[in-house]
Amino acid sequence: MVSYHNVWEGRKHAIGERLSMKKSEFCDYINQYRSILYTVAYTILANEADTEDAVASAIQKGYEHLEQLKSKQKFKPWIITITKNEALQMKQKRMLLPGDEQVEAMLHPVVDRHDELWDVVQKLPEQYRLVIVLFYYDDLPMRDISKILDISLGTVKSRLKRGRDLLKAMLGNKR
Amino acid sequence: MDKFEKELKKQIKNITPPEQFQTRVDAVLAELPERNPYEKEQKRVRGKKPVVKYAAIAAGVVIVFFLFLQTAQVANAGFLEDLKKTLLGFFHMEKQVASGEYGVESKEEKVKSRPELSIELKEEIVDKHSIYVLIHITAPTDISFDPQIGFDYFAFCKGESYNSDALIGGAKDLSLLQVQQDKSNEATFVVSISADETIEEDAPVTLYLKDMMRDPYQEDAEMLVEGMWSLTFPASYTVSKDVTIEGSADMMVGRYPFKR
(Lines give C-alpha, C1' and ligand atoms only; values in the text may rest on other atoms or scores of the structure.)
Protein backbone atom coordinates (compact mmCIF):
# COMPACT_ATOMS: atom_id res chain seq x y z
CA MET A 1 0.00 0.00 0.00
CA VAL A 2 1.28 3.44 -0.83
CA SER A 3 1.35 5.55 2.27
CA TYR A 4 0.95 9.27 2.26
CA HIS A 5 4.26 9.47 4.10
CA ASN A 6 6.05 7.87 1.15
CA VAL A 7 4.37 10.21 -1.31
CA TRP A 8 5.22 13.19 0.84
CA GLU A 9 8.85 12.17 1.30
CA GLY A 10 9.16 11.70 -2.43
CA ARG A 11 7.76 15.14 -3.03
CA LYS A 12 10.12 16.76 -0.53
CA HIS A 13 13.02 15.11 -2.29
CA ALA A 14 11.85 16.48 -5.64
CA ILE A 15 11.46 19.96 -4.16
CA GLY A 16 14.99 19.78 -2.77
CA GLU A 17 16.33 18.62 -6.10
CA ARG A 18 14.95 21.47 -8.14
CA LEU A 19 15.54 24.07 -5.44
CA SER A 20 19.22 23.23 -5.49
CA MET A 21 19.75 24.32 -9.11
CA LYS A 22 22.04 27.32 -9.19
CA LYS A 23 22.67 29.74 -12.03
CA SER A 24 25.67 27.87 -13.40
CA GLU A 25 23.77 24.61 -13.65
CA PHE A 26 20.79 26.34 -15.26
CA CYS A 27 23.13 27.91 -17.85
CA ASP A 28 24.69 24.52 -18.58
CA TYR A 29 21.27 23.08 -19.31
CA ILE A 30 20.36 26.03 -21.55
CA ASN A 31 23.61 25.68 -23.48
CA GLN A 32 22.84 22.03 -24.11
CA TYR A 33 19.43 22.83 -25.53
CA ARG A 34 19.83 26.22 -27.20
CA SER A 35 19.72 24.72 -30.69
CA ILE A 36 16.39 23.02 -30.17
CA LEU A 37 15.01 26.17 -28.52
CA TYR A 38 16.02 28.15 -31.60
CA THR A 39 14.48 25.58 -33.92
CA VAL A 40 11.17 25.45 -32.05
CA ALA A 41 10.86 29.24 -31.88
CA TYR A 42 11.90 29.71 -35.50
CA THR A 43 9.43 27.06 -36.63
CA ILE A 44 6.63 29.14 -35.13
CA LEU A 45 7.84 32.66 -35.86
CA ALA A 46 9.81 32.28 -39.10
CA ASN A 47 12.03 35.27 -38.52
CA GLU A 48 15.33 35.66 -36.70
CA ALA A 49 14.62 38.76 -34.62
CA ASP A 50 11.44 37.42 -33.08
CA THR A 51 13.07 34.05 -32.53
CA GLU A 52 15.85 35.69 -30.53
CA ASP A 53 13.33 37.63 -28.47
CA ALA A 54 11.17 34.58 -27.80
CA VAL A 55 14.07 32.41 -26.68
CA ALA A 56 15.53 35.21 -24.55
CA SER A 57 12.17 35.68 -22.88
CA ALA A 58 11.76 31.94 -22.35
CA ILE A 59 15.16 31.67 -20.68
CA GLN A 60 14.37 34.54 -18.32
CA LYS A 61 10.92 33.17 -17.54
CA GLY A 62 12.28 29.67 -16.94
CA TYR A 63 14.90 31.00 -14.54
CA GLU A 64 12.31 33.00 -12.60
CA HIS A 65 9.95 30.04 -12.33
CA LEU A 66 12.35 27.21 -11.61
CA GLU A 67 10.04 26.11 -8.81
CA GLN A 68 7.61 24.89 -11.49
CA LEU A 69 10.15 22.34 -12.68
CA LYS A 70 9.22 18.99 -11.20
CA SER A 71 12.64 17.39 -11.54
CA LYS A 72 15.90 18.02 -13.36
CA GLN A 73 15.20 15.08 -15.65
CA LYS A 74 12.27 17.04 -17.08
CA PHE A 75 14.26 20.22 -17.75
CA LYS A 76 14.40 19.72 -21.52
CA PRO A 77 10.69 19.26 -22.27
CA TRP A 78 9.91 21.94 -19.67
CA ILE A 79 12.10 24.63 -21.24
CA ILE A 80 10.94 23.66 -24.74
CA THR A 81 7.34 24.11 -23.59
CA ILE A 82 8.09 27.57 -22.22
CA THR A 83 9.82 28.52 -25.48
CA LYS A 84 6.89 27.26 -27.54
CA ASN A 85 4.44 29.26 -25.43
CA GLU A 86 6.55 32.42 -25.66
CA ALA A 87 6.79 32.07 -29.42
CA LEU A 88 3.06 31.50 -29.77
CA GLN A 89 2.26 34.52 -27.60
CA MET A 90 4.62 36.64 -29.65
CA LYS A 91 2.97 35.48 -32.82
CA GLN A 92 -0.46 36.40 -31.50
CA LYS A 93 0.77 39.82 -30.44
CA ARG A 94 1.79 40.64 -33.99
CA MET A 95 -1.86 41.58 -34.41
CA LEU A 96 -2.17 40.10 -37.79
CA LEU A 97 -5.12 41.29 -39.77
CA PRO A 98 -6.64 39.03 -42.41
CA GLY A 99 -4.37 39.01 -45.38
CA ASP A 100 -1.47 40.57 -43.52
CA GLU A 101 0.69 37.50 -43.74
CA GLN A 102 2.13 38.86 -46.96
CA VAL A 103 2.89 42.17 -45.29
CA GLU A 104 4.63 40.35 -42.47
CA ALA A 105 6.69 38.39 -44.94
CA MET A 106 7.84 41.63 -46.52
CA LEU A 107 8.65 43.28 -43.20
CA HIS A 108 10.42 40.26 -41.80
CA PRO A 109 11.45 38.18 -44.74
CA VAL A 110 12.44 34.62 -44.03
CA VAL A 111 16.14 34.55 -44.59
CA ASP A 112 16.77 31.65 -46.85
CA ARG A 113 19.89 30.49 -45.04
CA HIS A 114 18.60 27.02 -44.78
CA ASP A 115 18.13 24.42 -47.40
CA GLU A 116 15.19 23.47 -49.54
CA LEU A 117 13.86 21.07 -46.94
CA TRP A 118 13.60 23.72 -44.25
CA ASP A 119 11.70 26.02 -46.61
CA VAL A 120 9.25 23.22 -47.30
CA VAL A 121 8.92 22.40 -43.59
CA GLN A 122 8.08 26.05 -42.98
CA LYS A 123 5.23 25.77 -45.45
CA LEU A 124 3.59 22.94 -43.53
CA PRO A 125 0.52 23.83 -41.48
CA GLU A 126 1.70 24.78 -37.99
CA GLN A 127 0.14 21.78 -36.27
CA TYR A 128 2.31 19.43 -38.33
CA ARG A 129 5.39 21.62 -38.48
CA LEU A 130 6.16 21.53 -34.77
CA VAL A 131 5.61 17.81 -34.43
CA ILE A 132 7.92 17.11 -37.39
CA VAL A 133 10.64 19.40 -36.01
CA LEU A 134 10.49 18.10 -32.46
CA PHE A 135 10.51 14.48 -33.60
CA TYR A 136 13.19 14.60 -36.28
CA TYR A 137 15.41 17.40 -35.05
CA ASP A 138 15.75 16.39 -31.47
CA ASP A 139 14.63 12.75 -31.38
CA LEU A 140 12.18 13.68 -28.68
CA PRO A 141 10.05 10.75 -27.53
CA MET A 142 6.46 11.08 -28.63
CA ARG A 143 5.34 11.24 -25.03
CA ASP A 144 7.51 14.30 -24.44
CA ILE A 145 6.12 15.88 -27.59
CA SER A 146 2.59 15.23 -26.37
CA LYS A 147 3.40 17.03 -23.12
CA ILE A 148 5.09 19.95 -24.81
CA LEU A 149 2.29 20.51 -27.29
CA ASP A 150 -0.42 19.56 -24.80
CA ILE A 151 -2.02 16.99 -27.06
CA SER A 152 -2.60 13.29 -26.65
CA LEU A 153 -0.13 10.68 -27.84
CA GLY A 154 -2.57 9.53 -30.49
CA THR A 155 -2.75 13.05 -31.88
CA VAL A 156 1.06 13.25 -31.99
CA LYS A 157 1.19 10.05 -34.00
CA SER A 158 -1.48 11.11 -36.45
CA ARG A 159 0.04 14.57 -36.97
CA LEU A 160 3.46 13.04 -37.48
CA LYS A 161 2.14 10.71 -40.13
CA ARG A 162 0.12 13.41 -41.83
CA GLY A 163 3.02 15.86 -41.70
CA ARG A 164 5.36 13.30 -43.17
CA ASP A 165 2.95 12.51 -46.01
CA LEU A 166 2.49 16.20 -46.75
CA LEU A 167 6.23 16.78 -46.81
CA LYS A 168 6.72 13.94 -49.22
CA ALA A 169 4.04 15.30 -51.49
CA MET A 170 5.41 18.85 -51.33
CA LEU A 171 8.99 17.78 -51.93
CA GLY A 172 7.85 15.57 -54.77
CA ASN A 173 6.04 18.51 -56.39
CA LYS A 174 9.09 20.74 -56.06
CA ARG A 175 11.17 18.29 -57.99
CA MET B 1 12.54 4.57 -40.32
CA ASP B 2 12.48 4.59 -44.13
CA LYS B 3 14.90 6.32 -46.49
CA PHE B 4 12.82 9.50 -46.69
CA GLU B 5 12.69 9.81 -42.92
CA LYS B 6 16.42 9.26 -42.56
CA GLU B 7 17.11 11.98 -45.11
CA LEU B 8 14.58 14.26 -43.42
CA LYS B 9 16.22 13.73 -40.07
CA LYS B 10 19.71 14.33 -41.48
CA GLN B 11 18.74 17.59 -43.15
CA ILE B 12 16.75 18.93 -40.25
CA LYS B 13 19.64 18.29 -37.89
CA ASN B 14 21.86 20.43 -40.15
CA ILE B 15 19.93 23.51 -39.13
CA THR B 16 22.16 25.53 -36.85
CA PRO B 17 21.33 28.76 -35.08
CA PRO B 18 23.07 31.84 -36.46
CA GLU B 19 25.91 33.60 -34.67
CA GLN B 20 23.71 36.52 -33.69
CA PHE B 21 21.36 34.19 -31.85
CA GLN B 22 24.24 32.58 -29.97
CA THR B 23 25.52 36.01 -28.92
CA ARG B 24 22.08 37.02 -27.71
CA VAL B 25 21.65 33.87 -25.60
CA ASP B 26 25.13 34.34 -24.12
CA ALA B 27 24.17 37.88 -23.11
CA VAL B 28 20.88 36.77 -21.55
CA LEU B 29 22.58 34.05 -19.53
CA ALA B 30 25.29 36.42 -18.35
CA GLU B 31 22.68 38.89 -17.10
CA LEU B 32 20.79 36.36 -14.99
CA PRO B 33 21.19 37.18 -11.31
CA GLU B 34 22.77 34.68 -8.98
CA ARG B 35 20.11 32.95 -6.99
CA ASN B 36 19.96 31.45 -3.55
CA PRO B 37 17.94 28.37 -4.35
CA TYR B 38 16.89 28.00 -0.72
CA GLU B 39 15.75 31.60 -0.24
CA LYS B 40 12.07 30.84 -0.45
CA GLU B 41 12.39 27.84 1.82
CA GLN B 42 14.33 29.87 4.38
CA LYS B 43 11.70 32.61 4.39
CA ARG B 44 9.04 29.98 4.88
CA VAL B 45 10.78 28.67 8.00
CA ARG B 46 11.58 32.13 9.42
CA GLY B 47 8.10 33.49 8.91
CA LYS B 48 6.17 31.14 11.16
CA LYS B 49 3.69 32.81 13.48
CA PRO B 50 1.03 31.49 15.80
CA VAL B 51 -1.78 32.79 13.64
CA VAL B 52 -1.39 32.80 9.87
CA LYS B 53 -3.43 34.60 7.31
CA TYR B 54 -4.13 32.27 4.44
CA ALA B 55 -3.38 33.49 0.99
CA ALA B 56 -6.21 31.60 -0.60
CA ILE B 57 -8.42 29.33 1.44
CA ALA B 58 -12.04 28.89 0.99
CA ALA B 59 -14.20 30.28 3.77
CA GLY B 60 -16.22 27.16 3.64
CA VAL B 61 -13.56 24.52 3.01
CA VAL B 62 -13.04 22.02 5.74
CA ILE B 63 -9.36 22.03 6.59
CA VAL B 64 -7.68 19.63 8.83
CA PHE B 65 -3.96 19.73 9.04
CA PHE B 66 -1.77 16.79 9.59
CA LEU B 67 1.45 18.37 10.64
CA PHE B 68 4.03 15.80 10.12
CA LEU B 69 6.71 14.72 12.50
CA GLN B 70 10.03 13.62 11.11
CA THR B 71 8.58 10.11 11.14
CA ALA B 72 5.15 10.88 9.75
CA GLN B 73 2.28 8.66 10.71
CA VAL B 74 0.39 6.87 8.00
CA ALA B 75 -3.18 8.09 7.99
CA ASN B 76 -5.86 5.69 9.04
CA ALA B 77 -8.11 4.13 6.52
CA GLY B 78 -10.90 6.32 5.34
CA PHE B 79 -9.49 9.52 6.74
CA LEU B 80 -10.61 11.36 3.68
CA GLU B 81 -14.15 10.38 4.40
CA ASP B 82 -13.91 11.73 7.93
CA LEU B 83 -11.63 14.63 7.40
CA LYS B 84 -10.88 16.92 4.53
CA LYS B 85 -7.23 17.34 3.87
CA THR B 86 -6.12 20.70 2.73
CA LEU B 87 -4.71 20.67 -0.74
CA LEU B 88 -2.61 23.61 0.21
CA GLY B 89 -1.02 21.54 2.97
CA PHE B 90 -0.25 18.80 0.47
CA PHE B 91 1.48 21.33 -1.72
CA HIS B 92 3.60 22.41 1.21
CA MET B 93 2.38 25.99 1.13
CA GLU B 94 3.16 28.14 4.12
CA LYS B 95 0.48 27.53 6.66
CA GLN B 96 0.42 27.48 10.35
CA VAL B 97 -2.20 26.51 12.77
CA ALA B 98 -2.84 27.74 16.23
CA SER B 99 -6.20 27.21 17.78
CA GLY B 100 -9.68 27.82 16.61
CA GLU B 101 -12.41 26.36 14.57
CA TYR B 102 -13.20 25.74 10.95
CA GLY B 103 -16.34 25.99 9.03
CA VAL B 104 -17.17 23.01 6.97
CA GLU B 105 -18.81 23.21 3.64
CA SER B 106 -18.96 20.34 1.30
CA LYS B 107 -18.67 21.08 -2.36
CA GLU B 108 -21.14 19.46 -4.65
CA GLU B 109 -19.60 16.16 -5.61
CA LYS B 110 -19.56 15.14 -9.21
CA VAL B 111 -19.19 11.59 -10.30
CA LYS B 112 -18.35 10.28 -13.71
CA SER B 113 -18.66 6.56 -14.00
CA ARG B 114 -18.08 4.01 -16.61
CA PRO B 115 -18.61 0.40 -15.78
CA GLU B 116 -14.87 -0.04 -15.43
CA LEU B 117 -13.92 3.06 -13.51
CA SER B 118 -15.49 5.78 -11.40
CA ILE B 119 -14.01 9.24 -10.90
CA GLU B 120 -15.44 11.52 -8.26
CA LEU B 121 -14.59 15.20 -7.90
CA LYS B 122 -14.13 15.75 -4.18
CA GLU B 123 -12.78 19.22 -3.78
CA GLU B 124 -11.28 22.08 -5.69
CA ILE B 125 -9.30 25.15 -4.73
CA VAL B 126 -9.02 27.95 -7.24
CA ASP B 127 -7.38 31.31 -7.43
CA LYS B 128 -6.43 33.61 -10.28
CA HIS B 129 -3.61 31.46 -11.59
CA SER B 130 -3.92 28.06 -9.93
CA ILE B 131 -6.33 25.19 -9.74
CA TYR B 132 -6.01 22.24 -7.40
CA VAL B 133 -8.53 19.43 -7.67
CA LEU B 134 -8.93 16.37 -5.49
CA ILE B 135 -10.43 13.36 -7.31
CA HIS B 136 -11.30 9.96 -5.92
CA ILE B 137 -10.97 7.06 -8.34
CA THR B 138 -12.48 3.61 -7.99
CA ALA B 139 -10.95 1.21 -10.47
CA PRO B 140 -11.83 -2.40 -11.34
CA THR B 141 -10.87 -4.71 -8.51
CA ASP B 142 -7.95 -6.23 -10.41
CA ILE B 143 -6.12 -2.89 -10.40
CA SER B 144 -4.02 -1.85 -7.40
CA PHE B 145 -3.02 1.78 -7.35
CA ASP B 146 0.62 2.82 -7.04
CA PRO B 147 2.60 5.95 -8.01
CA GLN B 148 3.24 4.58 -11.53
CA ILE B 149 -0.42 4.81 -12.47
CA GLY B 150 -1.61 7.93 -14.25
CA PHE B 151 -3.42 9.03 -17.38
CA ASP B 152 -2.31 9.17 -20.99
CA TYR B 153 -3.60 12.71 -21.18
CA PHE B 154 -5.23 15.21 -18.86
CA ALA B 155 -6.02 18.86 -19.21
CA PHE B 156 -8.02 21.74 -17.85
CA CYS B 157 -10.12 23.72 -20.28
CA LYS B 158 -12.60 26.55 -20.11
CA GLY B 159 -16.25 25.67 -20.52
CA GLU B 160 -18.58 22.90 -19.57
CA SER B 161 -17.08 20.23 -21.77
CA TYR B 162 -13.72 19.32 -23.22
CA ASN B 163 -12.63 21.72 -25.94
CA SER B 164 -9.10 21.52 -27.27
CA ASP B 165 -9.36 25.13 -28.47
CA ALA B 166 -10.07 26.35 -24.95
CA LEU B 167 -7.27 24.64 -23.07
CA ILE B 168 -5.86 26.41 -20.03
CA GLY B 169 -2.13 26.45 -20.57
CA GLY B 170 0.41 26.10 -17.83
CA ALA B 171 2.37 23.65 -15.72
CA LYS B 172 0.14 20.67 -14.96
CA ASP B 173 0.56 17.86 -12.53
CA LEU B 174 -1.32 14.72 -11.58
CA SER B 175 -0.08 12.96 -8.45
CA LEU B 176 -1.25 10.08 -6.34
CA LEU B 177 -2.14 11.36 -2.87
CA GLN B 178 -3.46 8.34 -1.03
CA VAL B 179 -4.44 4.75 -1.68
CA GLN B 180 -7.41 3.60 0.33
CA GLN B 181 -6.34 1.26 3.06
CA ASP B 182 -7.79 -2.23 2.51
CA LYS B 183 -9.10 -1.17 -0.91
CA SER B 184 -6.11 -0.91 -3.19
CA ASN B 185 -8.35 -0.23 -6.19
CA GLU B 186 -9.49 3.06 -4.68
CA ALA B 187 -7.23 6.08 -4.53
CA THR B 188 -7.22 9.83 -4.31
CA PHE B 189 -5.28 11.96 -6.74
CA VAL B 190 -4.44 15.64 -6.83
CA VAL B 191 -4.60 17.32 -10.23
CA SER B 192 -3.24 20.83 -10.46
CA ILE B 193 -2.29 23.53 -12.88
CA SER B 194 -0.26 26.69 -12.48
CA ALA B 195 -1.90 28.61 -15.31
CA ASP B 196 -0.24 30.94 -17.79
CA GLU B 197 -3.38 33.02 -17.94
CA THR B 198 -5.84 34.48 -15.46
CA ILE B 199 -8.61 32.06 -14.59
CA GLU B 200 -11.96 33.77 -14.88
CA GLU B 201 -13.76 33.73 -11.55
CA ASP B 202 -16.87 31.55 -11.38
CA ALA B 203 -16.54 30.51 -15.01
CA PRO B 204 -16.96 26.78 -15.66
CA VAL B 205 -13.78 24.77 -15.92
CA THR B 206 -13.56 21.18 -17.10
CA LEU B 207 -10.98 18.64 -16.05
CA TYR B 208 -10.53 16.12 -18.84
CA LEU B 209 -8.83 12.76 -18.37
CA LYS B 210 -8.14 10.14 -20.99
CA ASP B 211 -7.03 6.51 -20.72
CA MET B 212 -5.75 5.37 -17.34
CA MET B 213 -2.35 3.76 -17.82
CA ARG B 214 0.63 2.39 -15.99
CA ASP B 215 3.84 4.35 -16.74
CA PRO B 216 2.02 6.74 -19.09
CA TYR B 217 5.23 8.60 -19.95
CA GLN B 218 7.14 5.54 -21.04
CA GLU B 219 7.13 4.07 -24.53
CA ASP B 220 5.92 0.74 -23.15
CA ALA B 221 3.02 2.26 -21.24
CA GLU B 222 0.32 -0.26 -20.31
CA MET B 223 -3.32 0.59 -20.91
CA LEU B 224 -5.37 -0.16 -17.80
CA VAL B 225 -8.78 1.40 -18.45
CA GLU B 226 -9.57 3.00 -21.76
CA GLY B 227 -11.93 5.92 -21.74
CA MET B 228 -12.47 9.65 -21.39
CA TRP B 229 -13.82 11.50 -18.39
CA SER B 230 -14.82 15.14 -18.00
CA LEU B 231 -15.53 16.77 -14.68
CA THR B 232 -16.88 20.32 -14.68
CA PHE B 233 -16.84 22.74 -11.79
CA PRO B 234 -17.13 26.51 -11.32
CA ALA B 235 -13.83 28.31 -10.85
CA SER B 236 -14.95 29.98 -7.64
CA TYR B 237 -12.02 31.72 -6.05
CA THR B 238 -11.27 30.67 -2.54
CA VAL B 239 -11.59 33.56 -0.13
CA SER B 240 -8.91 34.42 2.35
CA LYS B 241 -9.68 34.59 6.01
CA ASP B 242 -7.92 34.31 9.32
CA VAL B 243 -8.32 30.78 10.54
CA THR B 244 -7.09 29.17 13.70
CA ILE B 245 -7.22 25.56 14.70
CA GLU B 246 -7.02 24.06 18.12
CA GLY B 247 -3.59 22.52 18.25
CA SER B 248 -2.12 19.89 20.51
CA ALA B 249 1.28 19.47 22.07
CA ASP B 250 2.28 16.57 19.86
CA MET B 251 1.84 18.49 16.62
CA MET B 252 4.79 19.76 14.69
CA VAL B 253 4.98 22.95 12.70
CA GLY B 254 7.51 22.38 10.00
CA ARG B 255 10.38 21.05 12.03
CA TYR B 256 9.49 22.73 15.26
CA PRO B 257 7.30 21.48 18.06
CA PHE B 258 4.01 23.26 18.25
CA LYS B 259 3.87 25.96 20.89
CA ARG B 260 0.74 27.60 22.07
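Visitor: Is C27(A) buried or exposed?

Guide: This is a predicted model, in which local features need pLDDT of at least 70, side-chain atom pairs count only at pLDDT 80 or more, and totals for chains, interfaces and linings use all residues. Residues are numbered from 1 along each chain as its sequence is written, chains are lettered from A and ligands numbered from 1 in the order in which they are written, and side-chain values use heavy atoms, with hydrogens and water left out. Buried means under 20% relative accessible area, exposed over 50%, and partly exposed in between, with a 1.4 Å probe and protein chains only. The relative accessibility of C27(A) is 12%, so C27(A) counts as buried.

Visitor: How many disulfides does the structure hold?

Guide: A disulfide is a pair of cysteine sulfur atoms within 2.5 Å. Over all chains, the number of disulfides is zero.

Visitor: How many helices are there in chain A?

Guide: Helices (H or I, at least four residues) and strands (E, at least two) are DSSP runs, numbered from the N terminus. Chain A has zero strands. Its count of helices is nine.

Visitor: At roughly what angle do the axes of helix α2 and helix α4 of chain A cross?

Guide: Axes are lines fitted to C-alpha atoms, for helices over the stretch in contact, and angles run from 0 to 180 degrees between N-to-C directions. Helix α2 covers residues 23–45 of chain A and helix α4 covers residues 75–93. Their axes come within 9 Å and cross at roughly 35°.

Visitor: Which residues of chain B is S130(B) in contact with, leaving aside its neighbours within four places in sequence?

Guide: S130(B) lies in strand β4 (residues 130–138) of chain B. At a relative accessible area of 13%, S130(B) is buried. Contact means heavy atoms within 4.5 Å. With those neighbours set aside, the contacts of S130(B) are I125(B), I193(B) and I199(B).

Visitor: How many of the ten residues of strand β5 of chain B are buried?

Guide: Strand β5 covers residues 149–158 of chain B and is mostly covered. C157(B), at 0% relative accessibility, counts as buried. For β5(B), the number of buried residues is nine.
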